[in-house]
Amino acid sequence: MTGRTLHWVSGEGVAMTEENRKPGVPAFAIAVVATALALAASRLISVSGDASLIWPPLGIAVGLMLVWGGWGLVAVCGGLALWLVITGHNLLLLPIACLEVAFGAWATLVLNRRLQRAQGTALAATVRLYVAGALVGGGVSALIGAGSFHLAGIFPDMSFSTLFLVFWVAEAMGMLVFGGLTLALARDGIVALRPDATLALR
């Protein structure tokens, strides 16, 4: 296995490496809209109307960035902006949300690169990506988000530690739910959903 190639075939070595493939306009637009829809859907399982159990942007960004490089982050920030406009939220939240995603995804990809040096199975590669994203990337994103909210006096009844834990759980769940699915769809499109596909991602 050489270069920036991703193989996901049982029995082969696995490398979850970035391809930096520039997306086409339709794919980019779909990613923006899909991010906004995922954010809207996540609010449906909110326990209070203010905090969601799943925050999708980190998982979507990591999946896209493994294939599109920095364009994946741009698409997610576009989806965040679209969601904020549609829902009437303050657009001043956009820089904070994008910083959360950017630093969380960066931490995830850096750790994933370091861990992938050892060859292994497809399952091992997936676990490495999820551990890097849910534990490390999610923690970094949660630190930025919770810190910003705490300093701004948002949710004043919550301590910083509680706010951080809420953010971390939501970021981690978003990574677990959306990370692998986004990677597969960004890499192979709907082919990844075909029952006769070999799931060989090249």
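Entry one. I began with helix 4, whose buried residues pack against helix 2, helix 3, helix 5 (122-152) and helix 6. I kept in mind that this is a predicted model. Next I looked up which residues of helix 4 are buried, and among them I found Ala-97, Cys-98, Glu-100, Val-101, Gly-104 and Ala-105. Further names I noted as buried in helix 4 include Ala-107, Thr-108, Leu-109 and Asn-112. I also checked the length: helix 4 has 23 residues, which should span 33 Å at 1.5 Å a residue, and its end C-alpha atoms are 33 Å apart, so the two agree.

Entry two. I moved on to helix 3, which covers residues 70-87. Its 18 residues reach 26 Å from the first C-alpha to the last, close to the 26 Å expected. I listed its buried residues as Gly-72, Ala-75, Val-76, Cys-77, Gly-79, Leu-80, Trp-83 and Leu-84. Those buried residues pack against helix 1 (25-42), helix 2 (57-68) and helix 4 (93-115). A reminder to myself: an α-helix has 3.6 residues a turn, so residues three or four places apart point the same way. Just past the end of helix 3, I saw that Gly-88 takes a positive phi of about 75°.

Is Thr-182 buried or exposed? I found this residue in helix 6 (residues 160-188). Thr-182 counts as buried because its relative accessibility is 12%, and the cut-off for buried is under 20%. Then I looked up its contacts, leaving aside neighbours within four places in sequence: Thr-182 touches Gly-59, Ile-60, Gly-63 and Leu-64.

Notes. Residues are numbered from 1 along each chain as its sequence is written. This is a predicted model: local features need pLDDT of at least 70, side-chain atom pairs count only at pLDDT 80 or more; totals for chains, interfaces and linings use all residues. Side-chain values use heavy atoms; hydrogens and water are left out. Helices (H or I, at least four residues) and strands (E, at least two) are DSSP runs, numbered from the N terminus. The expected span of a helix is 1.5 Å times one less than its number of residues. Buried means under 20% relative accessible area, exposed over 50%, partly exposed in between (1.4 Å probe, protein chains only). Contact means heavy atoms within 4.5 Å.
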